[in-house]
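Please examine the aromatic side chains of the protein shown here.

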Amino acid sequence: MEFLANGWDNELYRVGDELVARLPRRALGAQIITNEQRWLPELAPRLPLPIPYPERTGVPSCGYPYSWSVVPYLPGVPAAQAGSFDPARAAAAVGGFLGALHVPAPADAPANPFRGVPLTERAGTFAANLALLAGQVGQDHVERDTALRVWDAALAAPGYDGRPAWLHGDLHPANILIDDGQVSGVIDFGDITAGDPASDLSVAWMLLPPACHAGFWSAYQAAGGAGGRADDALRARARGWALNFAIVFLAHSEDNPVLREVGRRTLRTVLEDQHGPAG
């Protein structure tokens with residue numbers, strides 16, 4: 001095996017040309033692995049983009065305390081670090097992927113208190129993170145006021161009243177792969193859960209320019225997302241989630257320039273888009 005990378009929760013090792021071993025580094029990572037082992041093999045066959053579903057699973061042994069996985073190696077680099085890609089094709093690919101993913105989830109889907117929940121549950125942390133930025137970023141009063149108008153509109157939108165849908169849970173440009181200018185896969189399902197699709201759909205503002213949003217929503221509906229219907233309330237909540245994630249990344253990514261830049265781009269796109277339709 002050859003060491004590939006490590007994150008907060010897992011270490012990654014190449015196994016030949018086509019496989020990667022994912023080994024948890026801590027107990028939280030082990031729980032994430034268990035969720036992926038249980039659910040990703042069921043989801044993968046009906047998704048239009050490759051995902052790192054476990055092909056083999058390992059058990060604790062030889063002093064190593066956690067279960068671990070062997071997953072396919074997916075070529076590409078994260079969109080957050082890609083030199084360029086075709087945004088219109090990315091809109092169609094990611095919109096279609098989410099439309100296929102966002103079907104009703106079973107009652108025993110993994111719980112996640114931070115994703116898929118009503119946006120109102122993030123109001124306290126949003127205000128705290130926005131306050132942290134007061135002395136950190138070059139936001140003038142107009143930008144702040146505009147952001148608050150977007151946030152208030154998202155909070156005022158009707159809430160989600162459908163069955164909890166399967167969610168990726170952490171879909172941003174660092175978890176979308178680009179290979180040869182096209183989306184080649186979606187990775188890191190550690191936050192997989194069920195709930196309001198709006199938190200996943202925030203990726204439209206995180207990944208794409210506003211001119212490509214119509215293509216994103218069209219692909220999403222064509223693939224069956226939101227029952228083939230994406231209304232203004234869903235789009236307003238999704239834009240609110242995008243604003244929330246932008247503020248989170250800007251407030252807490254001093255040591256992660258990739259996510260900090262995602263936060264900057266997302267905030268800029270949300271504010272540019274706020275005068276026009278959400279999709």
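Predicted model: local features only at pLDDT ≥ 70, side-chain atom pairs only at ≥ 80, totals over all residues.

## Aromatic pairs

The structure contains 8 aromatic pairs. One of them joins Trp 217 and Tyr 220 in an edge-to-face arrangement, with 6.0 Å from centre to centre and 90° between the planes. Both residues belong to helix H7 (residues 213-222), where a spacing of 3 residues separates Trp 217 and Tyr 220 by about one helical turn. Trp 217 is buried because its relative accessibility is 1%, below the 20% limit. Tyr 220 is likewise buried, at 0% relative accessibility.

Trp 241 and Phe 245 form a tilted pair, because their planes stand at 35°, which falls between the 30 and 60 degree limits; the ring centres are 5.5 Å apart. These two residues lie in helix H8 (residues 232-252), 4 residues apart, which means that about one helical turn separates Trp 241 and Phe 245. Trp 241 has a relative accessible area of 0% and is buried. Phe 245 is also buried, with a value of 8%.

## Ring cluster

Trp 217 and Tyr 220 are also members of a cluster.

## Charges over rings

Arg 14 is positioned over the face of Tyr 73, 3.8 Å from the ring centre. In a further case, Arg 38 places its charged end over the ring of Trp 39, at 3.8 Å from the centre of that ring.

Notes
Residues numbered from 1 in each chain as written. Heavy atoms only, no water. Phe/Tyr/Trp six-rings, centres within 6.5 Å; stacked < 30°, edge-to-face > 60°. Buried < 20%, exposed > 50% of the residue type's maximum accessible area, 1.4 Å probe, protein only. Lys NZ or Arg CZ within 6 Å of the ring centre and 35° of its normal.
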